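My entries follow in the order I made them.

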Amino acid sequence: MATPLQLISHIFKRPLAALYSLKPCSTQLAHHRIPFRTFAMTSTRDASLQADIGKMKLEGDGSFNRAASSFRNWIKKDGEFAAETGSFSSPSPNVNPDGLAFPRQISPLCLVCLSYVLFSSFRTSVLQPPVVAWATRTLITRKLKGLEDIIPVTVVSPHMGESGWPFASADPFPGADADPLYNAQHVKDLYFRADPNYGGRFTVPVLWDMKTHTIVNNESSEIIRIFNSAFNELLPPAKASIDIYPKEHRQEIDAINEWVYDTVNNGVYKAGFAGTQEAYENAVYPLFESLDRLEKILTGKSYLVGDTLTEADIRLFVTIIRFDPVYVGHFKCNLRTIRNGYPAIHTWLRKLYWNDAAFQSTTNFQHIKVHYYWSQTKVNPSRVVAVGPTPDIESL
């Protein structure tokens with residue numbers, strides 16, 4: 001599938017190099033303005049402590065403490081960010097040759113004519129998945145809900161280095177994209193565009209609003225709930241009716257999410273990033289206690305809650321699919337493997353992966369391994385990437 005810029009190049013009969021060279025207010029765009037600027041955007045501010053995971057600070061006891069996400073807005077009716085379907089005005093006017101404003105919903109001309117852009121760590125528009133578990137949650141939900149034509153995805157390289165997540169213009173990793181909106185070099189540039197005084201980590205996913213040129217949300221657990229309901233009026237009934245957070249199960253879903261996040265989703269990181277033996281053991285033993293607990297829950301069941309797929313399954317899947325290929329070796333979570341130690345979890349995992357394209361199409365084991373083993377130099381200074389296990393996931 002062509003990239004957004006390739007689509008634009010074809011539509012406007014202009015080579016890609018010419019599109020990159022256009023200035024924001026150039027008369028060359030008089031008849032075909034596109035809703036983004038093409039100048040190179042990069043921050044000169046020293047943000048290495050925020051961007052470089054190799055400089056990550058641990059707690060005094062050697063434990064890893066994940067900071068909370070900073071941008072926590074929602075898409076809702078009559079709110080600051082709404083799932084609008086009509087025309088809108090923008091700081092950079094979006095007009096077609098007839099002088100009509102582009103609608104805020106997807107334009108038939110190009111994928112970047114949308115308001116909301118999900119910056120992730122790999123592309124799903126061409127069935128190529130992200131490498132980070134937190135981002136994968138959002139892409140699974142995006143596909144389950146049929147939002148591919150409403151929320152476009154821009155891909156960053158899995159080489160998260162000294163400047164954080166790079167776009168293809170900074171690191172032309174196979175499958176990565178250039179930033180189609182501002183030609184930013186790194187995800188950090190978008191954070192500083194949203195807030196010049198931002199002092200947190202530069203994480204993905206990022207849900208970006210083209211109307212106000214800012215971050216809507218960078219917390220994956222909230223983005224999947226936004227995707228679950230905010231765009232239902234724009235979807236066909238079959239997709240709108242899909243509900244991964246049903247009211248009748250919310251209390252049970254929330255309860256499972258709480259301990260699974262602390263001891264499993266984040267537990268693998270707490271074990272892997274631990275700076276002392278005590279901190280490591282304080283993380284790795286609760287992790288396997290929770291896996292034992294999950295094994296009991298899933299014995300004889302296809303889903304964690306009730307008899308239907310919910311966000312609890314999605315949130316757990318992204319960790320379990322990475323467990324044997326990465327976390328067992330890289331993060332020293334090696335008391336047991338999923339495939340040999342947890343038959344019920346293993347069956348649940350394989351059913352989701354092999355029977356539902358939303359899970360399989362957002363999983364690429366090569367890119368997952370490259371990110372973890374290459375980027376996390378505190379854990380793996382050599383950057384040698386493990387080749388096993390074989391196979392990455394077993395058949396049903």
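Predicted model: local features only at pLDDT ≥ 70, side-chain atom pairs only at ≥ 80, totals over all residues.

**Charges and rings**

Residues are numbered from 1 along each chain as its sequence is written, and side-chain values use heavy atoms, with hydrogens and water left out.

**Ring pairs**

I searched the whole structure and found 20 aromatic pairs. Rings of Phe, Tyr and Trp (its six-membered ring) pair if their centres lie within 6.5 Å; planes under 30 degrees apart are stacked, over 60 edge-to-face, and the rest tilted. Y191 and F202 form an edge-to-face pair, 5.6 Å centre to centre with 70 degrees between the planes. Y191 lies in helix α5 (residues 187-194), and F202 lies in the loop between α5 and β3 (206-209), 11 residues apart. I took helices (H or I, at least four residues) and strands (E, at least two) as DSSP runs, numbered from the N terminus.

I then checked burial, where buried means under 20% relative accessible area, exposed over 50%, and partly exposed in between (1.4 Å probe, protein chains only). Y191 is buried at 0% relative accessibility, and F202 is buried at 4%.

F323 and Y327 also pair edge-to-face, at 6.3 Å centre to centre and 80 degrees between the planes. They are 4 residues apart in helix α11 (residues 311-330), so about one helical turn separates them. Both F323 and Y327 are buried. Ring pairs link them into a cluster whose members include W134, Y261 and F288.

**Nonpolar cores**

Which residues have the most contacts inside the largest nonpolar core? They are L291, F317, F323 and Y327, in a core of 77 residues. I counted as a core a set of buried Ala, Val, Leu, Ile, Met, Phe, Trp, Tyr and Cys residues joined through side-chain atoms within 4.5 Å. The largest share of this core, 11 residues, comes from α11. Apart from it lies another core of 12 residues, among them L147 and V216.

**Helix α4**

I found 11 of the 12 residues of α4 buried, so the rest of the structure largely encloses this helix. Just after α4, G146 takes a positive phi of about 70 degrees.
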